[in-house]
Amino acid sequence: MEGLQGNLEALYSPGEVASQLNIQRQTVTKYARIFESEGFVFHKDEKGNRAYTDTNISMFRRVTDIKNRPGITLETAIKGVIPMYKKDSITSDVTEIATENEYYNDVTNEKLDMLMQALAEQQKLILEQNKKIDSLQEQLNEHRLDVKDRDIKLLEHIREHQKERKEEMLLIAQNEVAAAKQEEQKKGFFARLFGK
């Protein structure tokens with residue numbers, strides 16, 4: 001990124017370049033296409049339209065001068081000029097950006113892997129905790145059943161005890177009634193006997 005910002009130059013449209021070189025606009029586009037086919041990269045806007053620097057204009061001027069010599073084709077002229085201007089192609093900047101992107105992708109992927117690993121460990125921990133919770137819930141349910149059984153047995157025991165106590169009280173009451181009758185009968189016999 002610094003390479004692009006550090007080498008900022010004025011950018012010209014194809015029409016402006018054609019006007020400066022006194023050639024047709026289509027010729028500028030033709031030059032650019034041949035340069036690109038040789039690996040040269042030009043600045044492009046978001047719509048893909050090329051923009052040219054002062055260095056690019058100088059490069060095209062040199063191509064025009066060389067191709068005007070007898071026996072030299074446009075392709076030959078461009079191939080002769082490329083080594084002189086290869087360093088001015090933004091290819092190296094694009095490569096730097098691609099390398100930077102790869103680095104950030106690697107860092108991002110590494111962090112993503114770490115997060116995924118932490119997430120997997122957390123899920124494992126959650127599963128273990130859920131198993132413990134299920135086990136404790138089971139124990140609690142068993143304890144509740146035990147308490148319920150104990151309460152039922154205790155109630156049955158209390159009822160039996162109350163029933164026995166009731167029977168004892170009834171027996172005591174019957175015995176007292178029987179003793180009172182006997183007493184009265186005895187009293188009645190002596191009272192009859194002695195006249196009282």
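## Helices H3 and H5

In this predicted model, the axes of helix H3 (residues 25-37) and H5 come within 10 Å and cross at roughly 60°, axes being lines fitted to C-alpha atoms, for helices over the stretch in contact, with angles running from 0 to 180 degrees between N-to-C directions. H3 and H5 are therefore oblique to each other, the class left when angles under 35 degrees count as roughly parallel, over 145 as roughly antiparallel and 65 to 115 as roughly perpendicular. Helices are DSSP runs (H or I, at least four residues) numbered from the N terminus.

The contact (heavy atoms within 4.5 Å) between these two helices involves Lys-30, Tyr-31, Ile-34 and Phe-35 of H3, which meet Leu-74, Glu-75, Ile-78, Val-81 and Ile-82 of H5.

## Helices H4 and H5

Helix H4 (residues 54-67) packs against helix H5 (residues 74-85) at an angle of about 140°, and their axes lie 9 Å apart; H4 and H5 are therefore oblique to each other. On the H4 side the contact is made by residues including Thr-55, Met-59, Val-63 and Ile-66, and on the H5 side by residues including Leu-74, Ala-77, Ile-78 and Tyr-85.

## Position of Met-116

Met-116 is located in helix H6, which spans residues 91-194.

## Basis of the values

Residues are numbered from 1 along each chain as its sequence is written, and side-chain values use heavy atoms, with hydrogens and water left out. Because the model is predicted, local features need pLDDT of at least 70 and side-chain atom pairs count only at pLDDT 80 or more, whereas totals for chains, interfaces and linings use all residues.
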